[in-house]
Amino acid sequence: MQALEKTQASETIDTRRLTGWSPKVLLRDAGIGLALLLLIVFFSLGTEHFLTPNNISNILTQITINLILAVGMTFVILIGGIDLSVGSMLAFCAVVGGTVLTIPDLPVFQAVALATLAAVGTGVVCGFLNGWISAFWGLPSFIVTLGMLNIARGAALQVTDARTIYSFPPSFNAFGSQMIFGIPVVFLIALVLVAIAWFVLSKTVFGRLLYGIGNNEEAVRLAGHSLMFYKVAAFTIAGALVGIAAMVYMARLNIASPIIGIGFELNAIAAVIIGGTSLNGGRGTVIGTLLGACITGVLANGLILFGLSDFMRQMITGVVIILAVIIDKYRERLTGV
Amino acid sequence: MINVETVRADAAGVLTPPVLELHDVKKAFGGTKALNGVSLSVQPGEVHGLIGENGAGKSTLIKVLCGIVRPDEGAINLSGRAYAPTTPREAKANGLQVVHQEFNLLPYLSVAENIFIEHLPRNAFGVVKRQEMNVGARAALDAIGLSDIDVRWPVERLGIAHRQLVEVARALMTQSRILILDEPTATLTSRETERLFTIVNDLRSRGVSIIFVSHHLDEVFRICDRVTVLRNGETVFSRPIAETNQDELVRAMVGRKLQQQMASEMVSLARPEEALSLVQFRHPQSPHAEGISLQLHKGEILGIAGLVGSGRTELLRAIAAAELPLSGALRLEGAPVSFRSPREAINAGIGFVTEDRKEEGLILNMPIAANVTLASLSDVSRAGILDSKAEIEVTQRLGAELKLKYGGPAKNAATLSGGNQQKVVLAKWLARNPKVLLLDEPTRGVDVGAKAEIYALIRQFAERGLALLIVSSELPELMTLSDRIIVMSQHRVVGELSRPEFSEERILQYAYQGEQQQARH
């Protein structure tokens with residue numbers, strides 16, 4: 001009885017807790033945020049150029065694509081899946097979008113709109129296939145997306161005959177390097193995607209069931225929900241985000257090549273894991289993913305400013321990934337967070 | 001037989017020194033005192049019952065004894081020497097074996113490999129001597145009378161009851177002085193339980209001491225020489241079995257007088273209207289064309305009895321469309337229905353409380369409120385957006401109705417005791433206001449106090465006109481709850497009893513008869 005009364009008293013707090021924002025989750029995200037802050041302080045003190053507006057917008061630009069891919073990856077990992085195909089899909093989406101973008105005599109606005117549609121559409125189709133094949137035949141997504149990794153890369157090469165597409169409309173390219181108050185517009189787009197993903201995951205029935213599936217599929221199925229729908233949807237969302245990332249890539253670098261994006265899936269997975277999402281599914285937030293992407297970006301940039309070689313940087317990033325998982329393990333054991 | 005008597009006399013006497021002695025053992029996890037002064041003394045060749053409600057400290061005590069958890073305070077003596085194991089291996093080396101409640105078998109390895117996993121017979125090159133291992137495993141299984149399985153089968157092929165017995169066989173492989181059986185009968189039917197008791201008697205006669213943890217008091221009275229009751233981490237009671245009775249034990253466990261409603265006092269609440277009927281309903285595992293036919297009325301509680309493997313769980317799963325039925329007709333409130341997915345069954349008004357709460361019923365790492373609303377999310381959302389307030393209201397309303405003891409709607413379901421977890425599962429279905437509720441082993445792993453509460457709730461549901469179909473391996477439970485019991489054997493209905501005809505003997509007779517008929521075919 002006492003427990004019941006206590007519950008009613010703390011109702012106001014509870015409302016927020018239910019939606020994925022429990023103090024525990026908050027604490028976990030805060031911990032990752034703290035790590036990011038320490039990194040920033042460290043590099044600010046250690047190097048001259050780190051905290052300059054120029055460098056900051058540079059970092060933000062650099063992490064944008066990884067962040068967009070990682071947001072999609074968060075959906076997939078939350079249901080206990082993995083998507084190894086996003087790097088190849090990025091190339092495939094880019095060459096499809098790039099082909100549309102370079103159709104001669106098309107007004108710029110229409111060309112960009114159609115290209116976006118084509119790139120996102122390509123991502124949606126690939127993502128849908130990933131999800132549907134693994135859900136329908138009950139295959140591990142690791143295998144299915146490994147297949148898609150090859151299919152999409154091959155398709156990208158086939159479509160372009162291994163050539164690079166360039167000379168996009170100048171205004172499209174200008175958009176890619178546009179700034180608002182020193183913040184790259186493309187990063188703002190990524191932030192909007194993070195906000196939408198956060199809302200979907202923490203406030204909607206859809207998000208609730210993704211977490212549910214990641215934790216206990218059978219319980220969700222027996223409660224009358226179609227696993228197929230949610231699994232396919234998670235992969236399709238990841239695919240759509242790859243399409244958006246491909247457009248951002250083209251806007252920034254002014255090319256679409258069938259060999260771009262190699263290894264991007266691993267960077268996206270790293271951001272998600274550093275952000276505290278469990279590879280087993282069912283646990284994690286997209287805010288964590290945002291912080292995770294920032295950590296990898298800050299680390300890469302700061303280490304270069306320190307004068308470390310790219311090889312050293314890669315090794316240190318690897319150490320950080322492993323450290324993040326170890327810390328997570330202890331955090332779980334010590335605090336039950 | 002004579003041997004047994006002497007050992008028993010020894011156990012009752014004061015002359016023999018105890019093989020295991022615990023004095024004021026304490027253990028706290030954070031702020032929670034899991035053990036708060038446990039004292040216990042086990043004689044050689046004694047079957048020592050250890051009982052208590054869930055959360056009373058039994059599991060922690062076992063973990064202390066087998067070296068998984070180290071106590072904060074207190075003394076443990078094994079055969080007169082101080083005993084403080086730091087690893088399970090050390091506990092085993094000291095002759096202490098545990099058959100755990102949760103299964104520790106490796107599903108893809110063979111039965112023989114599982115039995116020998118700790119000391120596989122190897123030749124000089126480290127290659128496993130398969131022949132020797134299989135022969136040894138065969139002997140181990142024969143020793144406990146488990147002759148109907150092949151030692152080369154992978155464990156995943158075995159049913160839950162057989163797995164439990166394989167665990168027992170494995171524990172017996174090593175010479176042990178003390179064998180701890182943690183809820184060994186929870187998954188066994190009466191037939192296998194009998195088998196286990198024979199094994200226990202045999203071990204006792206060989207001087208092995210057995211600590212028998214159970215929720216079933218009748219079993220404790222049948223098999224134990226002495227019984228110790230834990231409550232809130234303390235020993236509250238320890239006495240030879242002959243000097244106590246069931247009422248006293250229950251009182252010691254719950255710490256209050258429990259009002260046990262007797263079966264005979266209950267009145268059937270069945271109404272004339274039909275809620276659910278099956279006509280020649282077959283699930284995919286059923287070998288018989290005639291399938292199962294039965295009728296369930298509104299407000300009626302229909303119990304399904306039968307041995308493990310008689311097709312009870314499969315029947316419920318097929319009705320709920322968890323597995324699609326093979327053939328036959330289903331009528332809900334007179335209208336023919338056929339479900340192609342659990343979703344369709346749920347929408348039509350069927351709720352299904354599964355046998356395995358942790359694997360299929362609950363999402364342990366998600367909030368209680370999220371579990372309660374899992375099957376009725378459309379009621380607590382608008383346009384796909386969740387209304388947390390509504391979720392909490394539903395949880396608090398049903399929580400109060402079901403007398404759920406919980407820290408708050410946002411606490412994870414994993415924080416609850418077994419009984420309260422089961423109440424969350426019930427709440428999940430009540431939130432949908434179903435017409436028919438299927439319950440598979442509704443009180444498995446639930447302590448005595450919570451059991452009585454769940455029984456009362458089930459009766460309440462029936463009063464409201466809900467039709468209930470209950471599968472249970474505990475016959476007293478079925479006889480307490482049901483208005484009518486059907487007995488299943490080999491996927492057929494072999495008997496039906498109305499309330500005045502209820503008796504354990506009759507139910508078992510039906511169940512075994514069906515079995516024997518099958519054997520003759």
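Leaving aside neighbours within four places in sequence, B:L468 is in contact with B:I301, B:L302, B:L437, B:L439, B:I458, B:F461 and B:A462, where contact means that the C-beta atoms of two residues, placed from the backbone, lie within 7 Å. The structure is a predicted model, in which local features need pLDDT of at least 70, side-chain atom pairs count only at pLDDT 80 or more, and totals for chains, interfaces and linings use all residues. Residues are numbered from 1 along each chain as its sequence is written, while chains are lettered from A and ligands numbered from 1 in the order in which they are written.

B:L468 and A:L90 are the residues with the most contacts inside the largest nonpolar core, which has 182 residues. A nonpolar core is a set of buried Ala, Val, Leu, Ile, Met, Phe, Trp, Tyr and Cys residues joined through C-beta atoms within 7 Å. A residue is buried if 20 or more other C-beta atoms lie within 10 Å of its own, exposed if 12 or fewer, and partly exposed in between, with C-beta atoms placed from the backbone. Helix α11 (residues 227-253) of chain A gives the most to this core, with 17 residues. Another core, of 66 residues, lies apart from it and includes B:V25, B:L179, B:I210 and B:A252. In soluble globular proteins, nonpolar side chains tend to be buried together.

Chain B contains 18 helices and 22 strands; helices (H or I, at least four residues) and strands (E, at least two) are DSSP runs, numbered from the N terminus. The radius of gyration of chain B is 24 Å, close to the 24 Å that the globule rule gives for 521 residues, so chain B is as compact as a globular protein of that length. This radius is taken over C-alpha atoms, and the rule is 2.2 Å times the number of residues to the power 0.38. The C-alpha trace of chain B spans about 70 × 55 × 50 Å along its principal axes. Of its 521 residues, 49% count as buried.

The domain assignment of chain B gives domain 1 (2-95 + 176-254), domain 2 (105-174) and domain 3 (263-349 + 434-520), with bounds that come from an automatic or database domain assignment. The C-alpha centres of domain 1 and domain 3 of chain B lie 36 Å apart. Their contact takes ten residues from domain 1 and nine residues from domain 3. On the domain 1 side, the elements that give two or more residues are α7 (190-205) and α9 (246-254) of chain B. The largest share of that side, three residues, comes from α9(B).

The contact between the chains takes 38 residues from chain B and 31 residues from chain A. Helix α14(B) gives the most to the chain B side, with seven residues. Helix α14 (residues 388-401) of chain B has 14 residues and reaches 20 Å from its first C-alpha to its last, close to the 20 Å expected at 1.5 Å a residue; the expected span is 1.5 Å times one less than the number of residues. Among the buried residues of α14(B) are B:E391, B:I392, B:V394 and B:L398. Just after α14(B), B:K403 takes a positive phi of about 55 degrees.

B:E496 lies in strand β22 (residues 492-498) of chain B. With 13 C-beta neighbours inside 10 Å, B:E496 counts as partly exposed. Not counting residues up to four places away in sequence, B:E496 touches B:R484 and B:I486.
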